[in-house]
Every structure is written in structure tokens, then in C-alpha cells.
Amino acid sequence: MAEPVLVIFFYGLITSLIFALYSVGFSLVFGVARVIDAAYGIWYTTAAYLIYALATRFLLPLPAVIVLVVASMAALGISYYSILVRGLKERIEMIMTTFLVALMVQYLIVAIFTNFPWSIPALFPGSTQAFGVSLFNQQVAAAVTAFLLLLVLWYIVYRTKIGLAIRAVAQDREAALLMGIDPDRVMAFTLALSCTLAGTAALLQAPNSVISPVMGWPMLTLAFAVVVLGGMGDFFGAILASFIIGYSHQLITNLVNPLYSMAAAFVAILLVLWLRPRGVFGRSLE
Amino acid sequence: MVILISWRLLNSVAMATASSQKGSRRVLYIAISVVVVVALIAAAVLVVYNPFQQQQKEIIVGLSLPLTNPVGIHARKAAEMAVEEINAAGGVRLKDGVYKLRLVAEDTNEMDPLIPVDQGVAAFKRLIEVHGAQVIVGGVRTDIVVAQTQLLSQYKIVYLDIESNQGIVEAKVKEDYENYKYYFHFFGGGPKSSAGPLIIGFLQKLKELSAKDPNMPDVSKVALLAENALWTVGLAGRPAGNSTFFKRLADLGFKLVYAELYPTTETDFSSYLAKMKAQCPGVVVFLFSGPPGIIFTKQWQDYNWAPCKKPIVFGPGLLGGFSWFWDQTGGKAQGTIWWPSTVRVSVTPKTVQFIDKFKQRYGETPNTAAIDAYDAIYVLKEALERAGTWQADELVKALEQTDYVGVMGRIKFSRDHHGLDFTYENIYRYFGQWQNGELVPVWEKDWPEIKNLLIPS
């Protein structure tokens with residue numbers, strides 16, 4: 001039989017990597033475009049329904065589903081920025097507008113798919129034992145993919161020209177403009193990247209779960225918690241915060257009571273906002 | 001017409017006022033007098049001829065349901081079937097003539113994991129205030145039904161609750177009759193329709209069977225997993241496991257080795273399964289009514305239980321006995337046992353007939369909400385005819401005389417009892433197990449032993 005510490009270690013690792021992949025997108029948008037995207041959760045939901053429609057209604061093969069979901073989410077991000085986000089100047093205006101967009105899309109999803117709890121079959125069914133802990137193959141695959149994608153993301157942000165442009169715009173938009181960088185294009189790319197990350201998280205998570213029109217809201221709460229804890233727009237801070245929240249979630253679920261596990265995220269937000277408003281690490285995307 | 005005449009007169013008045021200040025007062029008096037006379041004549045005509053009377057020869061039945069969820073979808077379809085049949089057979093005969101039934105529906109969204117009580121209450125109010133419903137049929141989530149029933153005496157409207165698994169409101173009918181007498185319950189959970197004794201009976205038989213069969217897990221070790229919703233308070237207890245039901249089980253030699261509540265928004269049961277596995281339970285009593293039940297079932301089936309034997313999953317899971325549950329779990333429901341189950345058994349002559357008719361028309365086996373809604377509409381029809389009116393106070397008295405054999409079984413109400421009674425034959429006395437896409441009856445309250453059981457592997 002597995003020791004609880006091993007259970008917490010493995011499940012915490014899986015949970016944290018998925019949290020990180022999802023939350024980094026939200027963090028990037030804030031860091032670069034200075035937009036608090038209250039619609040971020042609905043992009044996760046949208047991607048999940050897209051996967052469901054492509055995989056179970058149109059019966060497309062897995063590679064086609066992946067390509068179409070990633071491409072659609074990237075296109076959605078660019079359109080979202082060009083049509084809506086670019087024109088938003090005030091922070092309250094951003095929150096209200098993106099929140100209303102989320103509600104509109106949610107109602108659209110209900111209109112098309114109803115509230116029926118649709119289910120997507122696991123891509124990797126079954127489970128495997130590791131040190132006595134039973135791990136679902138789907139979750140292991142999701143965690144490994146999330147880890148690899150985070151590495152790719154790190155490479156894009158810190159080792160490529162577009163990554164340099166992203167960091168430059170995040171640091172000082174006017175100075176970046178003077179250096180010949182088009183902030184609008186960089187922000188559109190960041191929104192595309194962020195929506196793609198939400199879509200990828202849905203690709204990894206949805207087959208392990210059921211989908212519902214409200215599934216994105218807890219994820220948005222989680223992203224808020226990660227960004228507040230890790231610092232607004234801090235790439236490594238977001239990853240570390242994801243691990244802190246992921247492991248707190250598992251610790252509370254396993255050792256205290258699962259009913260309070262999400263409360264950990266809220267307590268973390270309140271404490272950090274009170275003690276260190278710039279986040280635990282106090283940095284931004286640089 | 002009245003408005004047109006008034007408008008022309010007022011125009012004349014205005015013109016007269018403009019042309020002559022002197023004669024204006026006289027013209028004004030004449031105009032007002034004419035308007036009053038025309039209005040009185042119009043009112044008299046309306047009273048005598050009443051052009052809306054034809055439309056009023058119908059009784060509006062409000063469906064308070066989660067309309068985009070299988071529970072509500074099936075209930076609505078079954079209610080439509082019943083109403084079509086009743087209207088086609090001539091309608092409902094009241095004291096002042098024959099009435100047709102008309103359905104109106106509002107979405108309570110009550111299967112949302114966050115259980116939005118406010119939406120349920122708003123839908124209930126809209127049915128009465130906007131659609132003019134004279135009777136309400138519906139109700140799924142206990143939390144929402146309890147909130148809605150607090151409005152019954154205010155609106156003086158009969159509420160036929162088809163699916164909430166609770167005895168809270170039935171108890172209130174006894175405690176505070178005048179305020180809650182409008183409530184009638186067509187599902188389990190009441191004082192005479194609790195699933196608890198049935199589950200205990202089934203577990204006892206299962207334990208006897210496991211003692212004889214070495215391939216079965218040790219059923220005397222019980223795990224409890226329940227969603228954190230109001231309807232599970234009685235059976236699961238708070239904290240989980242602290243209930244009369246589990247005390248009774250302990251008296252019968254069962255050992256509760258794991259007990260936990262999960263939030264209705266849960267999306268992953270890995271940790272729960274790991275903790276459960278550490279105790280090697282032989283049976284998991286699983287209380288759920290929302291989408292997480294699908295996730296749990298899929299994960300339970302895929303989980304590596306070695307070195308333990310895979311426990312049997314069974315329990316009151318509102319959705320587990322629904323026909324679509326098999327598809328939603330991708331067949332991972334194989335071997336799970338559920339109460340309630342719409343097993344294809346001739347409980348009454350109407351049972352199989354209805355199941356087949358529904359399946360033929362909609363392509364799906366009706367769920368419990370469909371059976372309850374169908375019976376509720378017929379019980380309502382009979383009560384309306386007995387009362388001769390849809391007025392709530394009279395209708396309550398007529399409903400209390402109900403002794404009706406429907407699709408689910410025998411439904412008998414009285415002044416003291418507004419719910420089902422499982423001492424009479426009823427489909428809810430059966431437990432069904434998923435076996436290759438079919439819900440197979442494995443036990444009924446009066447069966448001496450479990451039959452046709454498939455041991456999950």
C-alpha cells in the first residue's frame with residue numbers, strides 16, 4: 001500500500017503541472033498586455049467543447065483534433081485582441097468587458113450544447129502503479145505533456161526574438177516601440193499564446209473529466225490565485241505558485257478535508273494581497 | 001377601440017381648447033363623460049361575452065425543471081406525453097366544464113454543480129407570475145425544492161415534487177400543515193419511502209453472498225463517498241458516516257472503513273480512491289446526483305486496485321440508473337449497481353408499456369424523473385376531477401384521496417402522508433446493475449436473495 005506522502009507527492013506533481021500550464025497563459029497576458037482577462041476561464045471551456053465536438057460528434061482522429069484545437073484557439077486569441085482587448089484602456093473597463101464576454105460565450109455554449117454533462121473518452125485509459133501509487137495513464141500523459149510545453153514556453157519567452165519582444169513590451173511599452181517593436185503585434189501574439197495554453201490545458205484535462213459550461217470559472221479562480229501569489233506577469237513566479245497551490249490542494253484533500261481544498265487558493269490570495277501585494281516573489285516578466 | 005375613440009376625443013378637446021377658451025370646459029366635460037361611458041360599455045361587453053373565456057378553459061401546469069439536463073429533459077418529455085394523452089382523451093372535467101391541460105416550463109438550472117437556489121426560486125416565481133401556472137410539477141435538487149416550497153402558502157399553489165430525494169418537506173407537511181399542505185412527493189426519501197432500509201437490506205444480502213463466494217471482495221468493509229448536498233445529510237450524516245444508517249450497519253456487523261464528502265464541483269477522485277484503497281473496502285456506498293458521478297465511475301473502473309479486490313460500487317445515485325449513464329461513462333459503468341433504476345420490470349401493467357412507449361418515441365429508456373412526471377400528471381388529472389376545480393385548497397383535499405396505480409407502482413396519499421410508501425409495489429424497490437449496456441434487476445425488497453450479479457473485475 002502506498003504511503004500518503006507518496007500519494008501527495010505524485011498527485012501534487014500532476015496537479016501542479018496542469019495548474020502551471022493553465023495559469024502561465026493568464027499571467028503572460030497580464031504581464032505583457034496589462035489585461036486582467038476575466039474571460040480566460042471561458043477559453044478553457046470553449047476549447048473543451050471544441051474537443052468534444054471534434055472528437056465525439058465529427059469523429060476526427062486525435063492528431064486532427066489537436067491541430068484544429070490549437071489553431072482555433074490561436075486564431076481566437078488574435079481576433080479577441082484585435083476586436084476587443086486592444087480598445088480597452090481602463091482596468092475596470094477591461095474586467096467588466098471580459099467578464100461580460102465570458103458570460104455571453106457561456107450562454108452561447110449552453111444554447112449549442114445544453115447543460116448536459118458531456119464526457120470525452122480518455123486518450124490513455126487505465127492506470128499504472130508507481131511505488132504503490134495508482135496513477136491514471138491519462139493524468140501521467142497530461143503531466144508529462146504539460147512539463148514539456150512549459151519548457152517550450154520558457155524557450156519561446158527567454159530564448160527567441162519574439163520572446164525578447166514580449167519581455168520588452170512587458171517592461172516598457174514606449175521604449176519597446178522606440179526599439180522598433182510593434183506592441184500591438186506582440187500583444188496579439190501573447191493573447192494567441194495564452195488562449196492556446198488554455199486550449200492545451202483543456203486537451204490534457206477534459207478527457208479525464210466531464211465538461212460543463214461553468215467548468216472554466218474554478219480555473220479562472222485558480223489562475224487569479226496563481227498570479228496573485230506568484231506576482232503579476234512573473235513566469236517563474238506563476239510556475240512556483242502553481243506548485244504551492246497544487247501541493248496545498250493535495251495536502252488539504254488528503255490530510256484535512258477535500259471540501260476545503262479550493263479554499264486554500266482563496267486564503268493564499270487574501271494573505272498575499274495583505275502581506276505582499278506584488279506577489280511572494282515581487283517580480284514581473286523581465 | 002376604446003383607446004382610439006378616447007384619443008380622437010382628446011384631440012378634439014385639444015383643438016377646441018386652442019380655438020376657444022370659453023367653450024373648452026364644456027367640451028372637456030363632454031369628452032370625459034363619453035370616455036367613461038365607452039369604457040363602461042366595453043367592460044360590460046367583456047364581462048358578458050368574455051372573449052378570453054375559451055383560453056381560460058385550460059389548466060396551466062408549470063414545469064419547474066433543469067430543462068437542459070437529462071433529468072429535466074426526460075421529465076418534460078414524459079409530462080408532454082401524459083398531457084397529450086389526457087387532452088386527446090377529452091381533457092379534464094371540472095365543475096364548470098371540460099378543460100385541457102397546458103404545460104409551461106422554466107429552467108431552474110438546478111443540476112449546475114453550484115446548485116443555484118436563487119435561479120430555482122426565480123424560475124418557480126416566473127411560472128406563477130409570468131406564465132400563470134395553476135399547479136407546479138417538478139423539483140430535482142433538495143436544496144432548491146426546500147427553498148421553493150417556502151413560497152407555497154404565499155401563492156396557494158399545489159406543488160408535485162417529482163425527484164428530490166428527501167423527507168424534509170414531507171416532515172414539514174406534518175409539522176406545519178397549513179403552510180405546507182400544497183406539497184406532494186413522488187419520489188423516495190420520505191418517512192415511508194426512504195432508501196436507507198432498502199440499502200441495508202441489499203448490503204446484508206450482498207454480505208451473505210460474499211461470505212460464500214471467494215471471488216467477491218469483503219463486503220463487510222464499507223466505504224462511503226457522498227456529495228456535499230442537502231439530500232445526503234440524512235443517509236451519509238455529518239460528518240460523513242455519522243448517521244443512523246451507518247450505526248444500523250455497524251450493528252449488523254459492517255465496518256465503515258472510509259467516509260468522506262466531496263464538493264459538487266469535484267473533477268478528480270484520484271486522492272479519494274487512494275485513501276479508499278488503503279483500507280481495501282469491499283463495497284463503496286456512493287451518493288451522487290451530479291456530473292462528478294460520471295468521473296468517479298470512470299476512475300473507479302480504471303483504477304489499479306491491486307493488491308485489494310476491486311470494490312463493488314453501489315448506492316443512491318440519481319444519474320447512475322439513467323440510460324445515458326452507460327454512454328457517458330463509455331461503458332465504464334459496467335458492474336455498478338444503482339438505486340433508483342428504471343429496470344424493465346412489470347411492476348404494474350403500465351410500467352413496461354410506458355418504458356417501451358417512451359423508448360419508441362424518444363429513442364432512450366426513460367429515467368426516474370420521466371416516470372415520476374408521467375404519474376404526477378395523471379394523479380393531478382384524477383385529483384382535479386375529484387375536486388372539480390384547480391383551486392389549491394380544494395385540490396389538496398382531492399390529492400389527499402389519491403390511490404392510484406401508475407407506472408412506478410401504487411401511489412397513495414392521505415392528509416397525514418403526502419409521499420410514497422414503499423410497502424406498496426414500486427419500481428424504486430429495485431436495484432439495477434449495469435451489465436453490457438443494460439440495467440439488470442439484481443435485487444428487490446422482497447427477494448430472498450440477490451440474482452444475476454456481475455462481480456466487477
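In the predicted model, helix α9(A) passes helix α10(A) in a right-handed crossing. The two elements, spanning residues 216-230 and residues 235-256 of chain A respectively, pack at an angle of about 120 degrees, and their axes are 8 Å apart. Angles from 65 to 115 degrees count as roughly perpendicular and those over 145 as roughly antiparallel; α9(A) and α10(A) are therefore oblique to each other. On the α9(A) side, the contact is formed by Leu222(A), Ala225(A), Val226(A), Leu229(A) and Gly230(A). These residues meet Gly237(A), Ala238(A), Ala241(A), Ser242(A), Ile244(A) and Ile245(A) of α10(A). Classified by residue type, the contact of α9(A) with α10(A) comprises eight nonpolar, three polar and no charged residues.

Helix α9(A) also packs against helix α11(A), which covers residues 263-275 of chain A. Here the axes come within 9 Å and cross at roughly 35 degrees, and the crossing is left-handed. The residues of the contact of α9(A) with α11(A) divide into ten nonpolar, one polar and no charged.

The largest nonpolar core of the model contains 246 residues. Within this core, the residues with the most contacts are Trp43(A), Leu203(B), Phe296(B) and Phe431(B). The element giving the most to the core is helix α1 of chain A (residues 4-33), with 17 residues. When residues up to four places away in sequence are not counted, Trp43(A) touches Asp37(A), Met73(A), Leu76(A), Tyr80(A), Val101(A), Val105(A), Cys195(A) and Ala198(A).

Ile156(A) is located in helix α5 of chain A, which comprises residues 137-159. Because its relative accessibility is 22%, Ile156(A) counts as partly exposed; the limit for a buried residue is under 20%. With neighbours within four places in sequence left aside, Ile156(A) is in contact with Ile162(A), Gly163(A) and Phe189(A). Ile156(A) and Met104(A) are separated by 52 residues in sequence, and their C-alpha atoms lie 32 Å apart in space.

Backbone geometry was examined next. Most residues other than glycine have a negative phi, and most peptide bonds are trans. Arg34(A) is placed in the loop between α1 and α2 (40-57) of chain A, and because its relative accessibility is 33%, it counts as partly exposed. A positive phi of about 50 degrees is likewise found at Phe131(A), also not a glycine. Phe131(A) belongs to the loop between β2 (127-130) and β3 (133-136) of chain A. With a relative accessibility of 67%, Phe131(A) therefore counts as exposed.

In chain B, the peptide bond from Arg238(B) to Pro239(B) is cis, with omega near -10 degrees. Pro239(B) is situated in the loop between α11 (233-236) and α12 (244-251) of chain B. Ala306(B) and Pro307(B) are also joined by a cis peptide bond, for which omega is about 5 degrees. Pro307(B) lies in the loop between α14 (292-302) and β10 (312-316) of chain B.

Technical notes. Residues are numbered from 1 along each chain as its sequence is written. Chains are lettered from A and ligands numbered from 1 in the order in which they are written. This is a predicted model: local features need pLDDT of at least 70, side-chain atom pairs count only at pLDDT 80 or more; totals for chains, interfaces and linings use all residues. Side-chain values use heavy atoms; hydrogens and water are left out. Axes are lines fitted to C-alpha atoms, for helices over the stretch in contact, and angles run from 0 to 180 degrees between N-to-C directions. Helices (H or I, at least four residues) and strands (E, at least two) are DSSP runs, numbered from the N terminus. Angles under 35 degrees count as roughly parallel, over 145 as roughly antiparallel, 65 to 115 as roughly perpendicular and the rest as oblique. A crossing is left-handed if the near helix is turned anticlockwise from the far one by less than a right angle, and right-handed if clockwise. Contact means heavy atoms within 4.5 Å. Ala, Val, Leu, Ile, Met, Phe, Trp, Tyr, Cys and Pro count as nonpolar, Asp, Glu, Lys and Arg as charged, and the others, Gly among them, as polar. A nonpolar core is a set of buried Ala, Val, Leu, Ile, Met, Phe, Trp, Tyr and Cys residues joined through side-chain atoms within 4.5 Å. Buried means under 20% relative accessible area, exposed over 50%, partly exposed in between (1.4 Å probe, protein chains only).
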